[in-house]
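Dear colleague,

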Amino acid sequence: MGKPTGFMEYKREVGRAEDPQRRIRHFNEFHEHLDMEQQQLQGARCMECGVPFCQSGMMLCGMASGCPLHNLVPEWNDLVYHGNWQQAYNRLKKTNNFPEFTSRVCPALCEAACTCGLNGEPVSTRENEYAIIENAYEKGYAAANPPKVRTGKRVAVVGSGPSGLAAADQLNKRGHFVTVFERSDRIGGLLMYGIPNMKLEKRIVERKRKIMEEEGIVFVTGVDVGRDRKAEKLLRDFDRVILACGASNPRDIKAPGRDAKGIYFAVDFLKANTKSLLDSDFKDRNFVDTKDRDVVIIGGGDTGNDCVGTAIRHGARSVTQIEMMPKAPDKRAENNPWPQWPRVCKTDYGQQEAIAVYGHDPRIYQSTVKAFVKDKDGKLTGVKIVKLTWEKDAATGRMDMKEVPGSEQLLAADMVLIAAGFLGAQSYVTESFGVELNERTNVKTEPGSYQTNKENIFVTGDMHRGQSLVVWAIREGREAARAVDESLMGYSNLVVQ
């Protein structure tokens, strides 16, 4: 705990976000953070609650409550309060390989489950985490620490997203020789090309890559395993292979006019944007430019919000976001009590920027695409949408979405970005390795296992569990690493939680 009376003495404070009208002029992170003394007072707010739901990672009503990594939150909040920053870093790193990522992009499941939040404001745990890791880099605590003993075992990790990186980091610490293969030109997976620079500056990913290389991990970029490098060769060259290729198939929208020019998948849009930014500061023009365009974004999740923020930064004339689900309540409903994840309306940075620029929330709820409208040259000119309502199916008792007759609406649009999620692993990878898939087209394993149906081949992350959060990917990577270690050595001393 922090100070016994801290939660009564100190109010929650977090760093300020740059004004939306200013931050849309650049693609850098836009939060100012508290100084160290102020941050220590935030650590003091952690109370002796008895049951630290913040670190529980339990599933309640189908949603996680608390941190899936089981971060030792009360311990390092207390250490922050007392100014013991090095020990706070040691406790944080015990369960989290990449706090430099999670302190920027995690939705803070820990804070949603904080006992202080039951009747007030939760502890600012994510910003405490940010302060711990950034101070560790500044003071040298986060410097490379290569293993002193090597086992001689060789492991290949296919994919360098957060799950693949976590597995590689753990196995390298154990003393195995680890090589990570990445098909893109830079490592990081969706950390690099799926999350925009204003949420996670790519120098942060590069900073961690350099540390991991100094610790002995080998990164091979520009190699598409399953095409450029066959599965048979990896299985000959390595003792174990971990597949961490993500859920890479974007969900499409099957509606009339889908072949119109001007429709893009969000993942392609975001990747091209970040790559052009990193390669040339947009001078190469190798990105999808939204300047003076009427942009419609299909999908209400984080990726859709990232598209909103990116489109605005390039000068879109208008931005509209289509969401199938109804608007969540502004406050918790009675059937959604703490410590469940709060199902409340979240206005994220992109929507905040849209409100500042266009004067209204860009979201249209309970709607879906009826058709894409194009001109005689095949160019997109509009999107026809229709309202949806929830009705109970008399035969099954399930709630189904039905179109509302006469509710069609035509939106002006000369660009559409599809951010409707992802559907499973890409087939050329799974077929190359001969691994079985489940009904969701994720790689199949026994419950709680990371071993595929093929000997010496393991799977982790979104390729295993489906599209999910960075924090879940890290947990999967840690658990898969332990499973691989046990298969190699007969036992494992790798800490998972």
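I begin with strand S9, which is mostly covered, since four of its five residues are buried; buried here means under 20% relative accessible area, exposed means over 50%, and partly exposed lies in between, with a 1.4 Å probe and protein chains only. Helices (H or I, at least four residues) and strands (E, at least two) are DSSP runs, numbered from the N terminus. Please bear in mind that this is a predicted model, in which local features need pLDDT of at least 70 and side-chain atom pairs count only at pLDDT 80 or more, while totals for chains, interfaces and linings use all residues. Residues are numbered from 1 along each chain as its sequence is written, and side-chain values use heavy atoms, with hydrogens and water left out.

**The sheet that holds S9**

S9 belongs to an open sheet of five strands, ordered S7-S15-S8-S9-S10 and paired in parallel, where two strands pair if DSSP finds at least two bridges between them. At the edges are strand S7 (263-265) and strand S10 (363-364), each of which pairs on one side only. S8 and S9 run parallel and are joined by five bridges, and one of the bridge partners is Ser318 in S9, which faces Asp294 in this pairing. S7 is joined in the parallel sense to strand S15 (residues 415-418) over three bridges, with Val416 of S15 as the bridge partner of Ile263.

Helix H14 (residues 302-313) lies across strand S8 (294-298), strand S9 (318-322) and S15, and runs at about 175 degrees to S9. For such angles, axes are lines fitted to C-alpha atoms, for helices over the stretch in contact, and the angles run from 0 to 180 degrees between N-to-C directions.

**The other five-stranded sheet**

A further open sheet of five strands has the order S5-S4-S3-S6-S16, again with parallel pairing, and its edge strands are S5 (218-221) and S16 (457-459). From one strand to the next the twist averages 20 degrees. Strand S3 (residues 154-158) and strand S6 (residues 240-243) run parallel and are joined by four bridges, in which Val158 has Leu243 of S6 as its partner. Helix H9 (residues 162-174) packs on this sheet, touching S3, strand S4 (177-182), S5 and S6, and makes about 165 degrees with the direction of S4.

**Cysteines and backbone details**

The structure holds zero disulfides, a disulfide being a pair of cysteine sulfur atoms within 2.5 Å. Cys114 is in none, as the nearest cysteine sulfur, that of Cys116, is 4.3 Å away, and Cys114 counts as buried at 10% relative accessibility. For Cys307, the nearest cysteine sulfur is that of Cys345, 19 Å away, and Cys307 counts as buried because its relative accessibility is 0%.

Cys61, in the loop between strand S1 (58-60) and strand S2 (63-65), has a positive phi of about 55 degrees although it is not a glycine, and at 59% relative accessibility Cys61 counts as exposed. His70 also has a positive phi, near 55 degrees, but with a relative accessible area of 17% His70 is buried. Finally, the peptide bond from Trp338 to Pro339 is cis, with omega near 5 degrees, and Pro339 lies in the loop between S9 and helix H15 (349-358).

With kind regards

Note on methods: Contact = heavy atoms within 4.5 Å.
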